[in-house]
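Hi everyone, thanks for making the time. I'd like to walk you through one model, residue by residue in places, and you can follow along on the screen.

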Amino acid sequence: MVRDLIFKNRRYRRFFQEEPVSLETLRELVDLARFSPSARNAQPLRFILSNEPKNNALIFKHLAWAGYLKDWAGPEEGERPSAYILIVGDREISPTFGSDHGIASQSILLGAVEKGLGGCIIGSIQRPGLQAALHIPNRYEILLCLALGKPKETVVLEAVGPDGDIKYYRDAAQVHHVPKRSLDDLILN
Ligand SMILES: Cc1cc2nc3c(=O)[nH]c(=O)nc-3n(C[C@H](O)[C@H](O)[C@H](O)COP(=O)(O)O)c2cc1C
């Protein structure tokens with residue numbers, strides 16, 4: 001079951017934007033992060049929830065999508081995320097946040113998949129602009145943004161070919177392909 005969930009937990013970048021994600025759902029997802037591992041159990045992460053069109057639009061314009069898809073600037077209006085969870089770190093608790101936000105992201109996204117949702121981890125964020133736009137105090141460092149919604153695209157995994165190219169791509173039918181390295185390539189001994 002965990003394997004199935006991890007398989008289904010792909011990065012989705014096009015959504016049924018009109019399908020709302022409730023604040024209650026977002027809170028349930030953050031609750032999964034709450035029970036996830038944290039270095040020194042410091043629990044320095046904080047979460048900013050957004051599910052209203054105006055706030056979503058504000059967040060959207062500070063994000064960069066799918067760097068390998070050079071001819072695609074990101075989801076169009078109508079296919080944008082219905083919600084976001086912005087992960088920030090509280091500098092008053094810890095000067096660095098290690099792997100906590102990566103682990104929290106995976107917990108949240110696995111929970112989203114279980115609920116029939118999907119999302120994308122966005123690390124490419126115009127941080128100063130977003131910090132100002134959302135009036136986030138300097139005490140909090142923007143770490144990652146999770147874009148969420150009901151996925152409107154098909155994502156398939158495939159083996160990395162002999163050329164070793166790991167770049168994801170879209171085919172003529174707009175199916176998103178993600179090459180993954182083989183297990184033997186990953187395990188060194
Ligand atoms: C830390 C991190 C940052 C990422 N940042 C971005 C990003 O800024 N924009 C984006 O479109 N995808 C981003 N991604 C998604 C990756 O491109 C995606 O995970 C990768 O293509 C593999 O696809 P998969 O997650 O479906 O296996 C990020 C993923 C991670 C783990």
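Let's start with Thr25, which sits in helix α2, residues 23-34; helices here are DSSP runs of H or I with at least four residues, strands are runs of E with at least two, and both are numbered from the N terminus. Before going on, a word on the model: it is predicted, so local features need pLDDT of at least 70 and side-chain atom pairs count only at pLDDT 80 or more, while totals for chains, interfaces and linings use all residues. Residues are numbered from 1 along each chain as its sequence is written, and side-chain values use heavy atoms, with hydrogens and water left out.

Is Thr25 buried or exposed? Thr25 is buried, because its relative accessible area is 18%, and the cut-offs are under 20% for buried, over 50% for exposed, and partly exposed in between, with a 1.4 Å probe and protein chains only. Setting aside residues up to four places away in sequence, Thr25 touches Lys115 and Leu117, where contact means heavy atoms within 4.5 Å.

Now for another helix, α3, which covers residues 53-60 and has Asn56, Ile59 and Phe60 as its buried residues. Why do these buried residues line one face of the helix? Looking down the axis of α3, they fall within an arc of 100°, so they line one face; the arc is that of the directions from the helix axis to the C-beta atoms. As a reminder, an α-helix has 3.6 residues a turn, so residues three or four places apart point the same way. And what do the buried residues of α3 pack against? Their partners are β1 (45-50), β2 (83-90), α5 (127-133) and β4 (140-149).

Strand β1 also holds Ile48. Ile48 has a relative accessible area of 28%, so this residue is partly exposed. Beyond its neighbours within four places in sequence, Ile48 is in contact with Tyr84, Ile85, Leu86, Val88 and Ile136.

Most residues other than glycine have a negative phi. Asn41, though not a glycine, has a positive phi of about 50°, and Gln43, not a glycine either, has a positive phi of about 50° as well. Asn41 counts as exposed at 52% relative accessibility, whereas Gln43 counts as partly exposed at 39%.

Over to the ligand, then. How many residues surround the ligand? There are 14, and the closest are Arg10, Arg11, Arg13, Ala66 and Lys180; a residue is near a molecule if one of its heavy atoms lies within 4 Å of it. That shell divides into 8 nonpolar, 2 polar and 4 charged residues. For the record, Ala, Val, Leu, Ile, Met, Phe, Trp, Tyr, Cys and Pro count as nonpolar, Asp, Glu, Lys and Arg as charged, and the others, Gly among them, as polar.

Two strands, β3 (118-122) and β7 (176-180), each supply at least two residues of the shell, and the largest share, 3 residues, comes from β3. An N or O atom in the side chain of Arg11 is 2.8 Å from an oxygen atom of the ligand. A polar backbone atom of Ser124 is 2.9 Å from a ligand oxygen, and a backbone N or O atom of Ile121 lies 3.0 Å from a ligand nitrogen. Taken alone, the ligand exposes 620 Å², and the protein buries 71% of that; these areas come from the Shrake-Rupley method with a 1.4 Å probe.

One last stop is Lys167, in the loop between β5 (155-159) and β6 (169-170). Lys167 counts as partly exposed at 42% relative accessibility. Not counting residues up to four places away in sequence, Lys167 touches Tyr68 and Pro179. Lys167 and Lys180 are 13 residues apart along the chain, with 9.5 Å between their C-alpha atoms.

Conventions
Polar contact = N/O pair within 3.5 Å; in protein donor to acceptor, adjacent residues only side chain to side chain.
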